[in-house]
Amino acid sequence: RGRMGKKVSKQKRQLLTIVGLCVLLLALVISFFVVTRYKDKTEKEAETNISLYTIKDADIKSFHFKNSTAELTFVKQKNKWVLSDDTKYSLDQSKVETLIDDVKEMSATANVTSDCTDLSQYGLKEPTLQVDITDNDGNKKTLTIGDESVAGEGRYVYIDDEVKKIYMIASTFTSDFETTKKELKAEAKATASPSSTPETTASGK
């Protein structure tokens, strides 16, 4: 009976060891998948948020854009944006500031290619939109935006003269720039009409 007891306890220890090893193996497998998924997720997030450049509002001296219907250049005078060729033209400052907000910080959603050989393939030979930003030191940043991708994931763009590097940016980027000089004009403030006094008629006897 003593030998049987020892045999059983030995088998029990072996079983517990096997169970323990299985639990440990399972924990390692789960940890591996969690770490792998987290790594893939962070890599994907990094790929979908590629910083292209950042310029502070205060550093922007002028900017220019050319779309299919308009070509306008804006400069700052006395903390107000004016048209370089028509400084007396009254601009809606909030609309101009919206354009500034769109271009002061650019991020790409994808790196399409680093070896482009045909700009027309991406609609960049005859771009949909071109934007130039010049800072107070005279440094210029140029955005050239082409077609929207077939899958509708975004629009193709290259920065400055780096025509080999094509990126993808949000499709909505161009919407604010689908504007004209007339549409950027400040609305005339309504002037209050002089209050009219109601006519009083003399009452009869």
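Aspartate 160 is partly exposed, because its relative accessibility is 24%. That value falls between the 20% limit for buried and the 50% limit for exposed. The model is a predicted one. Aspartate 160 sits in the loop between strand 9 (155-159) and strand 10 (166-169). Its phi is near 55°, a positive value in a residue other than glycine.

Aspartate 160 also pairs with lysine 141 in a salt bridge, with 3.3 Å between the closest N and O atoms. Lysine 141 belongs to strand 8 (residues 140-148) and aspartate 160 to the loop between strand 9 and strand 10, so the bridge ties together parts 19 residues apart in sequence. Lysine 141 counts as partly exposed because its relative accessibility is 22%.

## Overall fold

The protein chain has two helices and 10 strands. Read from the N terminus, the order is α-β-β-β-β-α-β-β-β-β-β-β. Of its 205 residues, 27% count as buried.

Among contacts with a separation of 6 or more, 58% join residues 24 or more positions apart. The accessible surface of the chain is about 15,000 Å². Carbon and sulfur atoms hold 52% of that surface.

## Other salt bridges

The salt bridge count is five. One of them joins lysine 104 to aspartate 57, with the closest N and O atoms 2.9 Å apart. Lysine 104 lies in the loop between helix 2 (93-103) and strand 5 (105-108), and aspartate 57 in the loop between strand 1 (50-54) and strand 2 (60-66), so this pair ties together parts 47 residues apart in sequence. Both ends are partly exposed: lysine 104 at 23% relative accessibility, aspartate 57 at 31%.

Another salt bridge brings together the side chains of lysine 181 and aspartate 86, at 3.0 Å from N to O. This pair links distant parts of the chain, 95 residues apart. Lysine 181 is in the segment after strand 10, and aspartate 86 is in the loop between strand 4 and helix 2. Lysine 181 is partly exposed at 30%, as is aspartate 86 at 25%.

## A buried aspartate without a salt bridge

Aspartate 135 belongs to strand 7 (residues 129-135). It is buried, yet it has no salt bridge. Why does aspartate 135 have no salt bridge? The nearest side chain of opposite charge, lysine 61, is 8.3 Å away.

The side chain of aspartate 135 does reach the backbone nitrogen of aspartate 137, at 2.9 Å. Leaving aside residues up to four places away in sequence, aspartate 135 touches Asp59, Ile60 and Lys61.

## Surface and loops

Leu15, Val19 and Val23 make up a nonpolar surface patch. Together they have about 280 Å² of accessible area. Valine 19 lies in helix 1 (residues 2-47). It counts as partly exposed because its relative accessibility is 44%.

Lysine 78 is in the loop between strand 3 (71-77) and strand 4 (80-83). It has a positive phi of about 50°, although it is not a glycine. At 82% relative accessibility, lysine 78 is exposed.

Glutamine 121 is in the loop between strand 6 (110-113) and strand 7. It is exposed, with a relative accessible area of 54%. Glutamine 121 and tyrosine 156 are 35 residues apart in sequence. Their C-alpha atoms are 9.9 Å apart in space.

Key:
Residues are numbered from 1 along each chain as its sequence is written. This is a predicted model: local features need pLDDT of at least 70, side-chain atom pairs count only at pLDDT 80 or more; totals for chains, interfaces and linings use all residues. Side-chain values use heavy atoms; hydrogens and water are left out. Helices (H or I, at least four residues) and strands (E, at least two) are DSSP runs, numbered from the N terminus. Buried means under 20% relative accessible area, exposed over 50%, partly exposed in between (1.4 Å probe, protein chains only). Lys and Arg count as positive and Asp and Glu as negative; His and the chain ends are not counted. A salt bridge is a side-chain nitrogen of Lys or Arg within 4 Å of a carboxyl oxygen of Asp or Glu. A polar contact is a pair of N or O atoms within 3.5 Å; within protein, one must be able to donate a hydrogen and the other to accept it, and residues adjacent in sequence count only if both atoms are side-chain atoms. Contact means heavy atoms within 4.5 Å. Patches are made of residues with over 30% relative accessible area and no salt bridge: like charges are joined within 9 Å, nonpolar side chains (Val, Leu, Ile, Met, Phe, Trp, Tyr) within 5 Å. Accessible areas come from the Shrake-Rupley method with a 1.4 Å probe; for residues, only the protein chains shown count as cover.
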